[in-house]
There are 2 protein chains.
Amino acid sequence: MFDCGEGTQRQMLAARLGLNKKMKLYVTHMHGDHVLGIPGLIQTMSLLGRTEKLEIFGPEGVRDFIESFNRTVPYNLAFELEINEVRDGIVDKEAEYDVFSVWGKHVIPCLSYALLEKPRPGRFDVRMARRMGVPEGPLWKRLQIGRSVKVHGRTVSPTRIVGSPRPGSKVVYIADTRPCKSVERLARGADLLVAESTFDDSKADKASEYGHSTASEAARLARNARAKELILTHLSVAYKDPSVLLKQAKRIFRRTLMAYDLLRLEVRPSRK
Amino acid sequence: MFDCGEGTQRQMLAARLGLNKKMKLYVTHMHGDHVLGIPGLIQTMSLLGRTEKLEIFGPEGVRDFIESFNRTVPYNLAFELEINEVRDGIVDKEAEYDVFSVWGKHVIPCLSYALLEKPRPGRFDVRMARRMGVPEGPLWKRLQIGRSVKVHGRTVSPTRIVGSPRPGSKVVYIADTRPCKSVERLARGADLLVAESTFDDSKADKASEYGHSTASEAARLARNARAKELILTHLSVAYKDPSVLLKQAKRIFRRTLMAYDLLRLEVRPSRK
(Lines give C-alpha, C1' and ligand atoms only; values in the text may rest on other atoms or scores of the structure.)
Protein backbone atom coordinates (compact mmCIF):
# COMPACT_ATOMS: atom_id res chain seq x y z
CA MET A 1 0.00 0.00 0.00
CA PHE A 2 1.24 3.45 -0.85
CA ASP A 3 0.01 6.06 1.67
CA CYS A 4 -2.99 5.66 3.95
CA GLY A 5 -5.39 8.58 4.20
CA GLU A 6 -8.39 8.77 6.49
CA GLY A 7 -11.00 6.15 5.63
CA THR A 8 -8.57 3.63 4.10
CA GLN A 9 -9.69 0.82 6.42
CA ARG A 10 -13.27 1.26 5.22
CA GLN A 11 -12.20 1.18 1.57
CA MET A 12 -10.11 -1.94 2.19
CA LEU A 13 -13.18 -3.67 3.57
CA ALA A 14 -15.24 -2.44 0.60
CA ALA A 15 -12.57 -3.81 -1.75
CA ARG A 16 -12.60 -7.12 0.18
CA LEU A 17 -8.82 -7.04 0.51
CA GLY A 18 -8.78 -8.69 3.93
CA LEU A 19 -6.92 -7.38 6.96
CA ASN A 20 -4.72 -10.37 7.74
CA LYS A 21 -2.80 -10.65 4.49
CA LYS A 22 0.87 -10.07 3.95
CA MET A 23 1.17 -6.37 3.20
CA LYS A 24 3.53 -3.45 3.58
CA LEU A 25 2.79 0.24 3.76
CA TYR A 26 5.03 2.80 2.08
CA VAL A 27 4.37 6.36 3.29
CA THR A 28 5.48 9.29 1.15
CA HIS A 29 5.28 12.16 3.64
CA MET A 30 3.72 13.29 6.86
CA HIS A 31 0.79 15.36 5.61
CA GLY A 32 -2.56 14.33 7.06
CA ASP A 33 -4.19 13.22 3.82
CA HIS A 34 -1.43 10.62 3.44
CA VAL A 35 -1.16 9.24 7.00
CA LEU A 36 -4.34 9.83 9.03
CA GLY A 37 -5.78 6.44 8.11
CA ILE A 38 -2.88 4.54 9.69
CA PRO A 39 -4.11 4.60 13.32
CA GLY A 40 -7.56 3.27 12.44
CA LEU A 41 -6.15 0.64 10.08
CA ILE A 42 -3.76 -0.72 12.71
CA GLN A 43 -6.41 -0.69 15.43
CA THR A 44 -9.06 -2.40 13.30
CA MET A 45 -6.49 -5.00 12.23
CA SER A 46 -5.79 -5.63 15.91
CA LEU A 47 -9.47 -5.83 16.77
CA LEU A 48 -10.18 -8.27 13.95
CA GLY A 49 -7.29 -10.51 14.92
CA ARG A 50 -4.45 -9.82 12.49
CA THR A 51 -1.44 -12.00 13.27
CA GLU A 52 0.79 -11.21 10.25
CA LYS A 53 3.57 -8.70 10.80
CA LEU A 54 2.96 -5.25 9.30
CA GLU A 55 5.93 -3.31 7.96
CA ILE A 56 5.65 0.44 7.53
CA PHE A 57 8.19 2.50 5.61
CA GLY A 58 8.27 6.28 5.53
CA PRO A 59 10.37 9.39 6.02
CA GLU A 60 11.54 10.64 9.41
CA GLY A 61 8.55 11.43 11.59
CA VAL A 62 6.45 8.39 10.78
CA ARG A 63 7.70 6.55 13.88
CA ASP A 64 6.92 9.50 16.18
CA PHE A 65 3.43 9.76 14.67
CA ILE A 66 2.61 6.08 15.14
CA GLU A 67 4.16 5.85 18.60
CA SER A 68 2.22 8.97 19.65
CA PHE A 69 -1.16 7.50 18.89
CA ASN A 70 -0.11 4.14 20.32
CA ARG A 71 0.54 6.07 23.54
CA THR A 72 -2.53 8.35 23.52
CA VAL A 73 -5.23 6.06 22.09
CA PRO A 74 -5.27 2.83 24.10
CA TYR A 75 -5.73 -0.50 22.30
CA ASN A 76 -4.09 -3.92 22.23
CA LEU A 77 -1.66 -4.22 19.33
CA ALA A 78 -2.16 -7.83 18.27
CA PHE A 79 0.67 -8.26 15.75
CA GLU A 80 4.25 -7.23 15.11
CA LEU A 81 4.57 -3.66 13.84
CA GLU A 82 7.89 -2.81 12.22
CA ILE A 83 8.48 0.86 11.46
CA ASN A 84 11.33 1.76 9.11
CA GLU A 85 12.31 5.39 8.63
CA VAL A 86 13.88 5.60 5.19
CA ARG A 87 15.49 8.03 2.77
CA ASP A 88 15.96 7.91 -0.97
CA GLY A 89 17.54 4.75 -2.40
CA ILE A 90 16.64 1.09 -2.03
CA VAL A 91 14.17 0.96 0.83
CA ASP A 92 13.04 -2.65 0.70
CA LYS A 93 14.22 -5.94 -0.79
CA GLU A 94 11.93 -8.91 -1.12
CA ALA A 95 12.22 -12.20 -2.97
CA GLU A 96 9.70 -11.06 -5.59
CA TYR A 97 10.35 -7.32 -5.78
CA ASP A 98 12.50 -4.36 -4.72
CA VAL A 99 11.23 -0.94 -3.72
CA PHE A 100 13.15 2.24 -4.53
CA SER A 101 12.49 5.82 -3.54
CA VAL A 102 13.56 9.35 -4.46
CA TRP A 103 12.89 12.71 -2.89
CA GLY A 104 10.49 14.90 -4.84
CA LYS A 105 10.07 18.66 -4.40
CA HIS A 106 7.25 19.43 -1.99
CA VAL A 107 6.74 21.87 0.90
CA ILE A 108 7.91 19.17 3.32
CA PRO A 109 10.19 16.17 2.64
CA CYS A 110 8.28 13.79 0.39
CA LEU A 111 9.31 10.47 -1.15
CA SER A 112 8.03 8.85 -4.32
CA TYR A 113 8.24 5.10 -4.70
CA ALA A 114 8.92 2.55 -7.44
CA LEU A 115 8.11 -1.13 -7.02
CA LEU A 116 10.15 -3.35 -9.35
CA GLU A 117 8.95 -6.88 -9.65
CA LYS A 118 11.81 -9.31 -10.33
CA PRO A 119 11.70 -11.37 -13.51
CA ARG A 120 9.88 -14.64 -12.95
CA PRO A 121 11.34 -17.89 -14.34
CA GLY A 122 10.06 -18.95 -17.75
CA ARG A 123 7.20 -21.42 -18.21
CA PHE A 124 8.16 -25.09 -17.70
CA ASP A 125 7.05 -27.31 -20.59
CA VAL A 126 5.96 -30.48 -18.78
CA ARG A 127 5.13 -32.40 -21.95
CA MET A 128 8.50 -31.65 -23.51
CA ALA A 129 10.31 -32.68 -20.31
CA ARG A 130 8.50 -36.03 -20.36
CA ARG A 131 9.12 -36.52 -24.05
CA MET A 132 12.83 -35.93 -23.52
CA GLY A 133 12.80 -38.53 -20.74
CA VAL A 134 13.53 -36.24 -17.81
CA PRO A 135 11.85 -37.77 -14.75
CA GLU A 136 9.82 -35.52 -12.47
CA GLY A 137 11.74 -34.52 -9.32
CA PRO A 138 15.08 -32.84 -8.60
CA LEU A 139 16.03 -32.78 -12.29
CA TRP A 140 12.99 -30.65 -13.10
CA LYS A 141 13.99 -28.20 -10.38
CA ARG A 142 17.51 -28.03 -11.83
CA LEU A 143 16.15 -27.22 -15.29
CA GLN A 144 13.84 -24.60 -13.80
CA ILE A 145 16.73 -22.65 -12.30
CA GLY A 146 18.51 -22.67 -15.68
CA ARG A 147 20.89 -25.59 -15.41
CA SER A 148 21.28 -28.48 -17.83
CA VAL A 149 20.78 -32.08 -16.69
CA LYS A 150 22.04 -35.48 -17.84
CA VAL A 151 19.54 -38.23 -18.65
CA HIS A 152 20.83 -41.67 -19.78
CA GLY A 153 24.19 -40.07 -20.66
CA ARG A 154 22.53 -37.37 -22.79
CA THR A 155 22.68 -33.65 -21.85
CA VAL A 156 19.36 -31.81 -21.85
CA SER A 157 19.59 -28.03 -21.99
CA PRO A 158 17.04 -25.93 -20.05
CA THR A 159 16.38 -23.81 -23.11
CA ARG A 160 14.54 -26.80 -24.64
CA ILE A 161 12.11 -27.09 -21.74
CA VAL A 162 11.96 -23.77 -19.91
CA GLY A 163 10.79 -20.60 -21.66
CA SER A 164 12.67 -17.35 -21.32
CA PRO A 165 12.23 -15.49 -18.02
CA ARG A 166 9.11 -13.37 -17.85
CA PRO A 167 9.86 -9.75 -17.04
CA GLY A 168 8.48 -8.22 -13.86
CA SER A 169 6.31 -5.11 -13.80
CA LYS A 170 7.36 -1.67 -12.69
CA VAL A 171 4.77 0.31 -10.73
CA VAL A 172 5.64 3.89 -9.78
CA TYR A 173 3.77 6.11 -7.35
CA ILE A 174 4.59 9.81 -7.54
CA ALA A 175 3.35 11.70 -4.48
CA ASP A 176 3.05 15.42 -3.84
CA THR A 177 5.79 17.10 -5.85
CA ARG A 178 6.74 19.71 -8.39
CA PRO A 179 8.06 18.16 -11.63
CA CYS A 180 11.73 17.31 -11.17
CA LYS A 181 14.51 15.13 -12.56
CA SER A 182 14.67 12.65 -9.66
CA VAL A 183 11.02 11.74 -10.06
CA GLU A 184 11.37 11.45 -13.83
CA ARG A 185 14.28 9.05 -13.42
CA LEU A 186 12.27 6.98 -10.95
CA ALA A 187 9.35 6.78 -13.37
CA ARG A 188 11.42 5.64 -16.35
CA GLY A 189 9.74 2.78 -18.20
CA ALA A 190 6.99 2.32 -15.62
CA ASP A 191 4.28 -0.10 -16.70
CA LEU A 192 1.93 1.80 -14.44
CA LEU A 193 2.63 5.35 -13.34
CA VAL A 194 0.35 6.77 -10.65
CA ALA A 195 1.02 10.49 -10.34
CA GLU A 196 -0.37 13.38 -8.34
CA SER A 197 -2.17 15.99 -10.37
CA THR A 198 -3.62 18.37 -7.83
CA PHE A 199 -4.51 21.23 -10.18
CA ASP A 200 -5.56 21.80 -13.74
CA ASP A 201 -3.33 23.89 -15.98
CA SER A 202 -5.15 27.15 -15.25
CA LYS A 203 -3.90 26.93 -11.67
CA ALA A 204 -0.21 26.45 -12.48
CA ASP A 205 0.66 29.26 -10.05
CA LYS A 206 -1.04 27.42 -7.20
CA ALA A 207 0.71 24.18 -8.13
CA SER A 208 4.01 26.03 -7.96
CA GLU A 209 3.18 27.74 -4.67
CA TYR A 210 2.04 24.59 -2.85
CA GLY A 211 4.60 22.16 -4.30
CA HIS A 212 2.20 20.26 -6.54
CA SER A 213 1.84 19.27 -10.21
CA THR A 214 -0.73 20.17 -12.83
CA ALA A 215 -2.40 17.66 -15.12
CA SER A 216 -0.10 18.62 -18.00
CA GLU A 217 2.97 18.35 -15.79
CA ALA A 218 1.94 14.81 -14.77
CA ALA A 219 1.40 13.95 -18.45
CA ARG A 220 4.80 15.35 -19.46
CA LEU A 221 6.38 13.26 -16.71
CA ALA A 222 4.73 10.15 -18.17
CA ARG A 223 5.84 11.05 -21.70
CA ASN A 224 9.42 11.89 -20.74
CA ALA A 225 9.71 8.73 -18.65
CA ARG A 226 8.22 6.62 -21.48
CA ALA A 227 5.69 5.17 -19.08
CA LYS A 228 3.12 2.73 -20.47
CA GLU A 229 0.10 4.07 -18.62
CA LEU A 230 -0.64 7.08 -16.42
CA ILE A 231 -3.21 7.31 -13.62
CA LEU A 232 -3.98 10.80 -12.33
CA THR A 233 -4.77 11.08 -8.65
CA HIS A 234 -4.69 13.46 -5.64
CA LEU A 235 -7.00 16.06 -7.21
CA SER A 236 -7.89 19.19 -5.28
CA VAL A 237 -11.31 18.92 -3.60
CA ALA A 238 -12.31 21.94 -5.68
CA TYR A 239 -12.87 19.71 -8.74
CA LYS A 240 -16.37 18.25 -8.72
CA ASP A 241 -15.81 17.13 -12.30
CA PRO A 242 -12.28 15.90 -12.99
CA SER A 243 -12.72 15.67 -16.76
CA VAL A 244 -10.95 18.97 -17.38
CA LEU A 245 -7.74 17.54 -15.91
CA LEU A 246 -8.07 14.32 -17.87
CA LYS A 247 -8.48 16.27 -21.09
CA GLN A 248 -5.42 18.40 -20.46
CA ALA A 249 -3.29 15.35 -19.65
CA LYS A 250 -4.49 13.32 -22.64
CA ARG A 251 -3.40 16.02 -25.04
CA ILE A 252 0.16 15.25 -23.95
CA PHE A 253 -0.06 11.56 -22.98
CA ARG A 254 -2.83 9.55 -24.55
CA ARG A 255 -2.85 6.52 -22.23
CA THR A 256 -4.10 8.45 -19.19
CA LEU A 257 -6.86 7.43 -16.77
CA MET A 258 -8.44 9.33 -13.91
CA ALA A 259 -8.31 7.46 -10.60
CA TYR A 260 -11.54 6.87 -8.73
CA ASP A 261 -12.43 5.11 -5.50
CA LEU A 262 -11.95 1.34 -5.69
CA LEU A 263 -10.56 1.40 -9.26
CA ARG A 264 -8.93 -1.96 -10.06
CA LEU A 265 -6.28 -2.42 -12.73
CA GLU A 266 -4.25 -5.35 -13.90
CA VAL A 267 -0.63 -4.44 -14.44
CA ARG A 268 0.98 -6.26 -17.36
CA PRO A 269 4.71 -6.01 -17.80
CA SER A 270 5.79 -5.03 -21.27
CA ARG A 271 8.78 -6.73 -22.92
CA LYS A 272 11.63 -4.25 -22.67
CA MET B 1 -20.88 16.89 18.33
CA PHE B 2 -20.49 13.92 20.60
CA ASP B 3 -17.40 11.85 19.69
CA CYS B 4 -15.62 11.91 16.35
CA GLY B 5 -14.66 8.56 14.85
CA GLU B 6 -12.68 8.08 11.65
CA GLY B 7 -14.54 9.41 8.61
CA THR B 8 -16.59 12.02 10.49
CA GLN B 9 -15.38 14.87 8.27
CA ARG B 10 -16.67 13.03 5.22
CA GLN B 11 -20.06 12.42 6.84
CA MET B 12 -20.27 16.09 7.86
CA LEU B 13 -19.78 17.07 4.23
CA ALA B 14 -22.36 14.49 3.14
CA ALA B 15 -24.79 15.94 5.70
CA ARG B 16 -24.00 19.45 4.45
CA LEU B 17 -23.35 20.66 7.97
CA GLY B 18 -20.65 23.13 6.98
CA LEU B 19 -17.20 23.34 8.55
CA ASN B 20 -17.21 26.98 9.67
CA LYS B 21 -20.21 26.94 11.97
CA LYS B 22 -20.23 27.40 15.71
CA MET B 23 -19.74 23.94 17.13
CA LYS B 24 -18.28 22.12 20.10
CA LEU B 25 -17.02 18.59 20.38
CA TYR B 26 -17.60 16.50 23.49
CA VAL B 27 -15.40 13.39 23.61
CA THR B 28 -16.41 10.49 25.84
CA HIS B 29 -13.17 8.51 26.01
CA MET B 30 -9.90 7.87 24.27
CA HIS B 31 -10.69 4.72 22.28
CA GLY B 32 -9.93 5.03 18.59
CA ASP B 33 -13.47 4.61 17.31
CA HIS B 34 -14.40 7.74 19.28
CA VAL B 35 -11.46 10.06 18.53
CA LEU B 36 -9.63 9.09 15.33
CA GLY B 37 -11.68 11.48 13.19
CA ILE B 38 -10.52 14.54 15.14
CA PRO B 39 -7.18 15.09 13.35
CA GLY B 40 -8.73 14.98 9.88
CA LEU B 41 -11.66 17.16 10.92
CA ILE B 42 -9.41 19.87 12.34
CA GLN B 43 -7.06 19.74 9.36
CA THR B 44 -9.82 19.89 6.77
CA MET B 45 -11.44 22.76 8.67
CA SER B 46 -8.09 24.56 8.51
CA LEU B 47 -7.65 23.82 4.83
CA LEU B 48 -11.15 25.04 3.99
CA GLY B 49 -10.69 28.26 5.94
CA ARG B 50 -12.53 27.85 9.23
CA THR B 51 -12.20 30.99 11.36
CA GLU B 52 -14.63 30.16 14.20
CA LYS B 53 -13.09 28.89 17.43
CA LEU B 54 -13.48 25.15 18.05
CA GLU B 55 -13.89 23.95 21.62
CA ILE B 56 -13.15 20.34 22.47
CA PHE B 57 -14.10 18.73 25.77
CA GLY B 58 -12.99 15.31 26.88
CA PRO B 59 -11.35 13.27 29.63
CA GLU B 60 -7.67 13.44 30.49
CA GLY B 61 -5.60 12.37 27.48
CA VAL B 62 -7.50 14.25 24.82
CA ARG B 63 -5.04 17.17 24.96
CA ASP B 64 -2.00 14.90 24.62
CA PHE B 65 -3.65 13.13 21.67
CA ILE B 66 -4.43 16.36 19.80
CA GLU B 67 -1.09 18.00 20.59
CA SER B 68 0.71 14.85 19.42
CA PHE B 69 -0.75 14.91 15.95
CA ASN B 70 -0.39 18.68 15.77
CA ARG B 71 3.32 18.04 16.33
CA THR B 72 3.78 14.99 14.09
CA VAL B 73 1.47 15.80 11.14
CA PRO B 74 2.35 19.29 9.88
CA TYR B 75 -0.44 21.70 8.85
CA ASN B 76 -1.43 25.28 9.50
CA LEU B 77 -4.06 25.52 12.22
CA ALA B 78 -6.24 28.37 10.96
CA PHE B 79 -8.53 28.94 13.94
CA GLU B 80 -8.49 28.95 17.72
CA LEU B 81 -8.56 25.46 19.22
CA GLU B 82 -9.54 25.28 22.87
CA ILE B 83 -9.06 21.93 24.57
CA ASN B 84 -10.74 21.35 27.93
CA GLU B 85 -9.97 18.23 29.91
CA VAL B 86 -13.04 17.59 32.07
CA ARG B 87 -14.43 15.22 34.68
CA ASP B 88 -17.97 14.44 35.76
CA GLY B 89 -20.17 17.42 36.64
CA ILE B 90 -21.05 20.57 34.71
CA VAL B 91 -18.60 20.69 31.84
CA ASP B 92 -19.95 23.59 29.79
CA LYS B 93 -22.30 26.53 30.30
CA GLU B 94 -23.75 28.43 27.36
CA ALA B 95 -26.50 30.99 27.08
CA GLU B 96 -28.82 28.45 25.47
CA TYR B 97 -27.77 25.20 27.14
CA ASP B 98 -25.66 23.48 29.78
CA VAL B 99 -23.75 20.24 29.33
CA PHE B 100 -23.35 17.74 32.16
CA SER B 101 -21.34 14.55 32.34
CA VAL B 102 -21.01 11.45 34.49
CA TRP B 103 -18.51 8.60 34.50
CA GLY B 104 -19.88 5.33 33.16
CA LYS B 105 -18.32 1.88 33.73
CA HIS B 106 -16.03 0.97 30.84
CA VAL B 107 -12.57 -0.61 30.51
CA ILE B 108 -11.03 2.88 30.46
CA PRO B 109 -12.44 6.13 31.93
CA CYS B 110 -15.47 7.07 29.86
CA LEU B 111 -17.89 9.99 30.20
CA SER B 112 -21.50 10.18 29.10
CA TYR B 113 -23.03 13.56 28.35
CA ALA B 114 -26.37 15.33 28.76
CA LEU B 115 -27.19 18.54 26.93
CA LEU B 116 -29.92 20.55 28.65
CA GLU B 117 -31.41 23.29 26.61
CA LYS B 118 -32.59 26.20 28.77
CA PRO B 119 -36.25 27.19 28.63
CA ARG B 120 -36.83 29.73 25.88
CA PRO B 121 -38.98 32.80 26.56
CA GLY B 122 -42.64 32.48 25.60
CA ARG B 123 -43.98 33.70 22.28
CA PHE B 124 -44.45 37.50 22.05
CA ASP B 125 -47.93 38.48 20.86
CA VAL B 126 -47.18 41.46 18.62
CA ARG B 127 -50.82 42.19 17.83
CA MET B 128 -51.82 42.23 21.48
CA ALA B 129 -48.86 44.51 22.32
CA ARG B 130 -50.01 46.97 19.68
CA ARG B 131 -53.65 46.75 20.77
CA MET B 132 -52.64 47.55 24.33
CA GLY B 133 -50.72 50.59 23.10
CA VAL B 134 -47.20 49.40 23.93
CA PRO B 135 -44.87 51.01 21.42
CA GLU B 136 -42.21 48.83 19.73
CA GLY B 137 -38.76 49.27 21.28
CA PRO B 138 -37.32 48.99 24.81
CA LEU B 139 -40.74 48.36 26.36
CA TRP B 140 -41.20 45.23 24.23
CA LYS B 141 -37.83 43.96 25.40
CA ARG B 142 -38.84 44.59 29.02
CA LEU B 143 -42.03 42.59 28.57
CA GLN B 144 -40.10 39.79 26.88
CA ILE B 145 -37.85 39.31 29.89
CA GLY B 146 -40.91 39.09 32.12
CA ARG B 147 -41.27 42.59 33.52
CA SER B 148 -44.37 44.78 33.46
CA VAL B 149 -44.32 48.19 31.78
CA LYS B 150 -46.29 51.43 32.20
CA VAL B 151 -48.04 52.96 29.18
CA HIS B 152 -49.97 56.24 29.62
CA GLY B 153 -50.06 55.62 33.37
CA ARG B 154 -51.50 52.10 32.95
CA THR B 155 -49.54 48.98 34.00
CA VAL B 156 -49.30 46.23 31.39
CA SER B 157 -48.35 42.81 32.73
CA PRO B 158 -46.13 40.56 30.58
CA THR B 159 -48.51 37.66 31.08
CA ARG B 160 -51.00 39.45 28.77
CA ILE B 161 -48.53 39.65 25.90
CA VAL B 162 -45.85 36.98 26.39
CA GLY B 163 -46.74 33.30 26.51
CA SER B 164 -45.33 30.97 29.13
CA PRO B 165 -41.70 29.95 28.71
CA ARG B 166 -41.17 27.05 26.32
CA PRO B 167 -39.26 24.18 27.92
CA GLY B 168 -35.86 23.22 26.53
CA SER B 169 -35.00 19.71 25.33
CA LYS B 170 -32.80 17.23 27.05
CA VAL B 171 -30.53 15.16 24.83
CA VAL B 172 -28.42 12.44 26.44
CA TYR B 173 -25.57 10.50 24.85
CA ILE B 174 -24.53 7.34 26.67
CA ALA B 175 -21.16 6.09 25.49
CA ASP B 176 -19.40 2.79 26.11
CA THR B 177 -20.54 1.55 29.52
CA ARG B 178 -22.05 -1.22 31.60
CA PRO B 179 -25.47 -0.29 32.95
CA CYS B 180 -25.00 1.79 36.12
CA LYS B 181 -26.75 4.26 38.39
CA SER B 182 -24.78 7.34 37.33
CA VAL B 183 -25.74 6.92 33.72
CA GLU B 184 -29.38 6.24 34.64
CA ARG B 185 -29.50 9.46 36.66
CA LEU B 186 -27.99 11.39 33.76
CA ALA B 187 -30.59 9.99 31.36
CA ARG B 188 -33.60 10.85 33.56
CA GLY B 189 -36.40 12.41 31.51
CA ALA B 190 -34.33 12.68 28.32
CA ASP B 191 -36.35 13.75 25.28
CA LEU B 192 -33.80 11.90 23.19
CA LEU B 193 -31.59 9.19 24.64
CA VAL B 194 -28.79 7.91 22.39
CA ALA B 195 -27.26 4.84 23.98
CA GLU B 196 -24.60 2.33 23.11
CA SER B 197 -25.84 -1.17 22.48
CA THR B 198 -22.80 -3.09 21.32
CA PHE B 199 -24.19 -6.61 21.66
CA ASP B 200 -27.49 -8.44 21.47
CA ASP B 201 -28.74 -10.25 24.55
CA SER B 202 -27.19 -13.59 23.58
CA LYS B 203 -23.75 -12.00 24.08
CA ALA B 204 -24.36 -10.64 27.57
CA ASP B 205 -21.12 -12.25 28.74
CA LYS B 206 -19.12 -10.33 26.12
CA ALA B 207 -20.88 -7.08 27.07
CA SER B 208 -19.86 -7.68 30.65
CA GLU B 209 -16.28 -8.60 29.75
CA TYR B 210 -15.65 -5.59 27.48
CA GLY B 211 -17.57 -2.97 29.49
CA HIS B 212 -20.51 -2.61 27.10
CA SER B 213 -24.31 -2.85 27.15
CA THR B 214 -26.72 -5.21 25.43
CA ALA B 215 -29.83 -4.06 23.56
CA SER B 216 -32.04 -5.01 26.50
CA GLU B 217 -29.79 -3.19 28.94
CA ALA B 218 -30.02 -0.03 26.82
CA ALA B 219 -33.80 -0.41 26.72
CA ARG B 220 -34.03 -0.91 30.49
CA LEU B 221 -31.95 2.24 30.93
CA ALA B 222 -34.45 4.17 28.77
CA ARG B 223 -37.41 2.71 30.69
CA ASN B 224 -35.94 3.33 34.14
CA ALA B 225 -34.94 6.87 33.18
CA ARG B 226 -38.40 7.55 31.70
CA ALA B 227 -36.80 8.73 28.47
CA LYS B 228 -39.13 9.77 25.63
CA GLU B 229 -37.20 8.11 22.81
CA LEU B 230 -34.24 5.75 22.55
CA ILE B 231 -31.73 5.49 19.70
CA LEU B 232 -29.48 2.44 19.70
CA THR B 233 -25.97 2.96 18.37
CA HIS B 234 -22.37 1.63 18.59
CA LEU B 235 -23.23 -1.88 17.37
CA SER B 236 -20.50 -4.48 17.05
CA VAL B 237 -19.30 -4.86 13.45
CA ALA B 238 -20.39 -8.49 13.70
CA TYR B 239 -24.04 -7.47 13.10
CA LYS B 240 -24.78 -7.24 9.41
CA ASP B 241 -28.48 -7.03 10.24
CA PRO B 242 -29.20 -5.00 13.37
CA SER B 243 -32.89 -5.95 13.55
CA VAL B 244 -32.27 -8.56 16.25
CA LEU B 245 -31.05 -5.85 18.63
CA LEU B 246 -33.96 -3.57 17.78
CA LYS B 247 -36.44 -6.36 18.50
CA GLN B 248 -34.89 -7.16 21.86
CA ALA B 249 -34.91 -3.49 22.88
CA LYS B 250 -38.48 -2.84 21.72
CA ARG B 251 -39.80 -5.62 23.92
CA ILE B 252 -38.72 -3.49 26.89
CA PHE B 253 -38.97 0.05 25.49
CA ARG B 254 -41.34 0.57 22.59
CA ARG B 255 -40.09 3.96 21.34
CA THR B 256 -36.72 2.65 20.15
CA LEU B 257 -34.99 3.37 16.85
CA MET B 258 -31.82 1.92 15.36
CA ALA B 259 -29.27 4.59 14.40
CA TYR B 260 -27.96 4.63 10.85
CA ASP B 261 -25.53 6.84 8.95
CA LEU B 262 -26.86 10.37 8.42
CA LEU B 263 -30.09 9.75 10.36
CA ARG B 264 -31.77 13.10 11.13
CA LEU B 265 -34.21 13.61 13.98
CA GLU B 266 -36.07 16.59 15.29
CA VAL B 267 -35.99 16.75 19.07
CA ARG B 268 -39.20 18.09 20.61
CA PRO B 269 -39.21 18.95 24.25
CA SER B 270 -42.10 17.45 26.14
CA ARG B 271 -43.96 19.49 28.75
CA LYS B 272 -42.73 18.22 32.10
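# Briefing: domains, surface patches and salt bridges

The C-alpha centres of domain 1 and domain 3 of chain A sit 46 Å apart. Keep in mind that this is a predicted model. Chain A is split by the domain assignment into domain 1 (1–86), domain 2 (89–120 + 166–272) and domain 3 (126–159).

**Chain A at a glance**

# Briefing: domains, surface patches and salt bridges

The C-alpha centres of domain 1 of chain A and domain 3 of chain A lie 46 Å apart. Bear in mind that this is a predicted model. The domain assignment of chain A gives domain 1 as 1–86, domain 2 as 89–120 + 166–272, and domain 3 as 126–159. Here's a tour by topic.

**Chain A overall**

- Taken along the principal axes, the C-alpha atoms of chain A fill a box of roughly 75 × 50 × 30 Å.
- Its secondary structure comes to ten helices and twelve strands.
- Of the 272 residues in chain A, 50% are buried.

**Surface patches**

- Arg127(A), Arg131(A), Arg154(A) and Arg160(A) come together as a patch of positive charge on the surface.
- Look for Arg160(A) in the loop between strand E8 (154–156) and strand E9 (170–174) of chain A.
- Does Arg160(A) count as buried or exposed? Its relative accessibility is 51%, so Arg160(A) counts as exposed; the cut-off for exposed is over 50%.
- A nonpolar surface patch takes in residues of chains A and B: Leu47(A), Leu48(A) and Val237(B), with about 340 Å² of accessible area together.
- Leu48(A) counts as partly exposed because its relative accessibility is 47%.

**His152 in both chains**

- His152(A) isn't a glycine, yet it has a positive phi of about 50°.
- You'll find His152(A) in the loop between strand E7 (149–151) and E8 of chain A, and at 80% relative accessibility it counts as exposed.
- Over in chain B, His152(B) also has a positive phi of about 50° without being a glycine.
- His152(B) lies in the loop between strand E7 (149–151) and strand E8 (154–156) of chain B, and is exposed with a relative accessible area of 80%.

**His234 in chain B**

- His234(B) is in the loop between strand E11 (230–233) and helix H11 (243–252) of chain B.
- With 23% relative accessibility, His234(B) counts as partly exposed.
- Along the chain, His234(B) and Arg268(B) are 34 residues apart, and their C-alpha atoms are separated by 24 Å.

**Salt bridges in chain A**

- Over all chains, a search of the whole structure turns up 31 salt bridges.
- One of them pairs the side chains of Arg255(A) and Glu229(A), at 3.9 Å from N to O.
- Arg255(A) is in the loop between helix H10 (243–252) and strand E12 (256–258) of chain A, while Glu229(A) is in the loop between helix H9 (215–224) and strand E11 (230–233) of chain A, so the pair ties together parts 26 residues apart in sequence.
- Arg255(A) is partly exposed, with a relative accessible area of 45%, whereas Glu229(A) is buried at 18%.
- There's also a network of salt bridges linking Lys22(A), Lys24(A), Lys53(A), Glu55(A), Glu82(A), Asp92(A) and Glu94(A).

**Salt bridges in chain B**

- Lys24(B) bridges to Glu55(B), with the closest N and O atoms 3.5 Å apart.
- This pair links distant parts of the chain: Lys24(B) is in strand E1 (residues 23–26) of chain B and Glu55(B) in strand E2 (residues 54–58) of chain B, 31 residues apart.
- Lys24(B) counts as buried at 6% relative accessibility, and Glu55(B) is buried with a relative accessible area of 14%.
- Glu229(B) forms a salt bridge with Arg255(B), and the closest N and O atoms are 3.9 Å apart.
- Since Glu229(B) lies in the loop between helix H10 (215–224) and E11 of chain B, and Arg255(B) in the loop between H11 and strand E12 (256–258) of chain B, the pair ties together parts that are 26 residues apart in sequence.
- Glu229(B) is buried, with a relative accessible area of 18%, whereas Arg255(B) counts as partly exposed at 45% relative accessibility.

Notes: Residues numbered from 1 in each chain as written. Chains lettered and ligands numbered in written order. Predicted model: local features only at pLDDT ≥ 70, side-chain atom pairs only at ≥ 80, totals over all residues. Heavy atoms only, no water. Domains from an automatic or database assignment. Patch = residues over 30% accessible without salt bridge, like charges linked within 9 Å, V, L, I, M, F, W, Y side chains within 5 Å. Areas by Shrake-Rupley, 256 points an atom, 1.4 Å probe, with all protein chains shown as cover. Salt bridge = Lys/Arg side-chain N within 4 Å of Asp/Glu carboxyl O. Lys, Arg positive; Asp, Glu negative; His and termini not counted. Charge placed at Lys NZ, Arg CZ, Asp CG, Glu CD. Helix = DSSP H or I, 4+ residues; strand = E, 2+ residues; numbered from the N terminus. Buried < 20%, exposed > 50% of the residue type's maximum accessible area, 1.4 Å probe, protein only.
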